[in-house]
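Student: I have a model open and want to learn how to read its features. Can we go through it together?

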Amino acid sequence: MSDSTSNVAFVRTEQIPPSAPPMAASGPVKWVKDNLFSGVFNTILTLVAFYVVARFAVFVFPWFYNGVWDAASRKECLEILDGVNGACFAVLVDRWDHLVFGFKYPPEGYWRIILSVVLLLVAAAPALFSSLPRKLLFFTAFYPFLAFWLVWGGSLWLPLTILGLIIATLLIFRLISSEISVDVRKLVAGAIGVICGAGLAYLLFIGAQELVFIANSVGTEGLVSTVAYGVFWIMAIFAYVFCIPMGIFVGYAIFNSFEDGGLVSIVASLLFAYLAFSFLLAPIWMALNAVAPIELPAVASRDMGGFMLNMLLGTICVSLSIPLGILLALGRQSPMPLIKGVCVVFIEFIRGVPLITLLFVANVMLAYFLPPESNFDLILRVIIMITLFSAAYIAEVIRGGLAALPKGQYEAADSLGLDYAQATRLIILPQALKISIPGIVNVAVGLFKDTTLVSIISMFDLVGMIRGPIQNSTEWTSVYWEVYGFGALLFFVVCYSISQYSQWLERQLNTSHH
Amino acid sequence: MNQQSQMTVSDEVAIEITNMNKWYGTFHVLRDIDLTVQRGERIVICGPSGSGKSTLIRCINALEEHQKGKIEVDGTVLSSDLKNIDKIRSEVGMCFQHFNLFPHLTILENCTLAPIWVRKTPKKEAEEIAMHFLEKVKIPDQANKYPGQLSGGQQQRVAIARSLCMKPRIMLFDEPTSALDPEMIKEVLDTMIELAEEGMTMLCVTHEMGFARQVANRVIFMDAGQIVEQNEPEEFFNNPKSERTQLFLSQILGH
């Protein structure tokens, strides 16, 4: 001991070889002891838990085991069971079609739904698993149009024409933004600028006339009316005064963008899309259908129901709300106050309102705002509302992901000369979305379950089906556990799969390897 | 020091900064900066923290906006026009203190990204260029790993290679060795020295005074947002004129 203090010099002459870690005591006994009986308190908890599980199992297993699968009504079930504890699964057999497809979808069309679900799996695969060949994404892009035709029926030419017009719009965008020379684009920008400027001026002029009309019909009787009259007149005067300057300003702004082509190509393709969908869509698909009719019997939206309706709403709304949410999140980070403001107001408004309110708006209120002759599909209205609702939430989740990225990533992208679109697409979003996966999946699962809320606005989804036609029928009037348990099982299978997929995806995208 | 004679400085102006001022809110970070950099010059900028040296080089590629004065890079005047900014950025490479590699891309993808998307180089050619520069910084065998699997020194060398893949005419270094362990500093400095010997125009914010003596042809000392003193390295270190510089040098070279 005393020697070592006087001799501090030490030189290692040989390396200590690496050795295996000490044998951890393992095996089932060790596991049980560690996890179940590691102390007095835990032992008591284990015993109590065993007791509860056993009591539950003693009741539930016979209930499943004795279950009656073949009966025409609950009364018959009870007669077969004859006082024994058992479930009446016969309701599932009897009403299987209603639970899955709803009670109005024509049975001879069930194959269409089944086929579109199978194709959905094929279409989703390349989007979900990046190891699959990228060419399959073409089918993914085509799938919505095919599925629309399969589920709703009608002429195949309608979705195909819509697809064609969308492709034409994208081609026009590409043509104007990058294919044509600056001189030609200058001419195009001039033409588009004149059209848009004149159109805007005309709209403002019409608006001003409307405002004058409203002001006059409000009149000047009483204080409130007088104030409203004044306000409407001021707005009208503004509109009158600024209609031509605004038209010139906007038209010139569009013309002025001819050099890099960003604004003019967006405006031109939007203009084309508007005109094409208003005037070309109907004649084209009707003409094509007259030449080569490819039709399935049409099914109205109000005839959709059962779990199919939940799947329909869930799939469409999730796949629409993620891109919309990304745009909103990026918009909220924009340095441009107008874009930022619109996004903030939209997100905060939607997040402040319960989904059920939005669904009532979709169901009832929209009818007041839309022109009386417009026939706006109920499912479409519901899809829009649910999509907007979940997009607002997804936007906030993604904003969190964007905020979590170190500022250095933006700076590195900038310093390499990437422009905003490239930096966002190649550097920022891949990382921000990866961080946001748990949150996005959380919203997606919540949204999928929230689709059952449509039962409140008298749509017959799975829950609506159970609460309505099944439980109100004389045969199955007081069957609860079997049908709701079945509904819960269906939702659990889908939601659990989504959750497992997201965890797998997170592991795939983990590149830190620490 | 004997390398200095081999490294040539041409008469061509690479960067010209005239009367440049910058404020953060009401705080005046850069004051009346005048600086002309000839092509091929190797400039080391030093100074106490908060003196504005990082801000100065970040203004050159518009990562920071200046409010007054003029910055001209390779004949292009830096304005708020995004086109000009992107053009300058693709000609000016930059290395950061914390490397800022893209963690979701492999080393090779980090290096090919900008050439492919900004320069529109075909992928194959971009990969060849990337491998060339990865060999130059001596880590071609790491090309298919992710940044998270590399050491700090390796990451900084990748960051240098990534900038070089854009074939920049000017390189900016913002404290490239400050976040590194002492053992790794040398490998990064060696890479930078090699770059300097090839005649790259370099502006380097660093406290590595040995590096400054060896490769710089000019050392700039900044304090409180102003250029206090600039001189050739020998003169600067052996015979500093201003009191502030003397104090600074005595503090960093004192032990």
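**Reading the model**

Tutor: Start with the layout: chain A is divided into domain 1 (21–65), domain 2 (154–296) and domain 3 (304–479), bounds that come from an automatic or database domain assignment. The centres of domain 2 of chain A and domain 3 of chain A, taken over C-alpha atoms, are separated by 26 Å. This is a predicted model, in which local features need pLDDT of at least 70, side-chain atom pairs count only at pLDDT 80 or more, and totals for chains, interfaces and linings use all residues. Residues are numbered from 1 along each chain as its sequence is written, chains are lettered from A and ligands numbered from 1 in the order in which they are written, and side-chain values use heavy atoms, with hydrogens and water left out.

Student: How many residues does each chain bring to the contact between chain B and chain A?

Tutor: Contact means heavy atoms within 4.5 Å. Chain B gives 26 residues and chain A gives 23 residues.

Student: What area do the two chains bury between them?

Tutor: Buried area is the accessible area (1.4 Å probe) that two parts lose on being put together, summed over both. Here chain B and chain A bury about 2100 Å², with 60% of it on carbon and sulfur atoms. On the chain B side, B:Phe102, B:His104 and B:Trp117 lose the most area to chain A, together 26% of what that side buries.

Student: What lies over the face of B:Phe102?

Tutor: A charge sits over a ring if NZ of Lys or CZ of Arg is within 6 Å of the ring centre and within 35 degrees of the ring normal. B:Arg162 lies over the face of B:Phe102, at 4.5 Å from the ring centre.

Student: Next, helices. Which residues of helix α4 of chain B are buried?

Tutor: Helices (H or I, at least four residues) and strands (E, at least two) are DSSP runs, numbered from the N terminus. Buried means under 20% relative accessible area, exposed over 50%, partly exposed in between (1.4 Å probe, protein chains only). Helix α4 (residues 107–117) of chain B is mostly covered, with 8 of its 11 residues buried. These are B:Ile107, B:Leu108, B:Asn110, B:Cys111, B:Thr112, B:Leu113, B:Ala114 and B:Pro115. They pack against α18 (420–450) of chain A, and against α5 (123–136) and α6 (152–164) of chain B.

Student: What does B:Cys111 touch?

Tutor: B:Cys111 has a relative accessible area of 0%, so it is buried. Leaving out residues up to four places away in sequence, B:Cys111 touches B:Ala130, B:Leu134, B:Val158, B:Ala161, B:Arg162 and B:Cys165. B:Cys111 and B:Ala159 are 48 residues apart in sequence, but 8.2 Å apart in space, C-alpha to C-alpha.

Student: And what covers the buried residues of α9 in chain A?

Tutor: The cover includes α8, β1 (154–155), α10 (182–218) and α12 (262–291) of chain A. Among the buried residues of helix α9 (residues 157–179) of chain A are A:Trp157, A:Leu163 and A:Ile176.

Student: How many disulfides does a search of the whole structure find?

Tutor: A disulfide is a covalent bond between the sulfur atoms of two cysteines. The test is a pair of cysteine sulfur atoms within 2.5 Å. The search finds 1 over all chains. A:Cys77 and A:Cys88 form a disulfide, with sulfur atoms 1.9 Å apart. The link is right-handed, with 75° about the S-S bond. It links distant parts of the chain: A:Cys77 is in helix α4 (residues 74–81) of chain A, and A:Cys88 is in the loop between α4 and α5 (90–94) of chain A, 11 residues apart. A:Cys77 is buried because its relative accessible area is 1%. A:Cys88, at 2%, also counts as buried.
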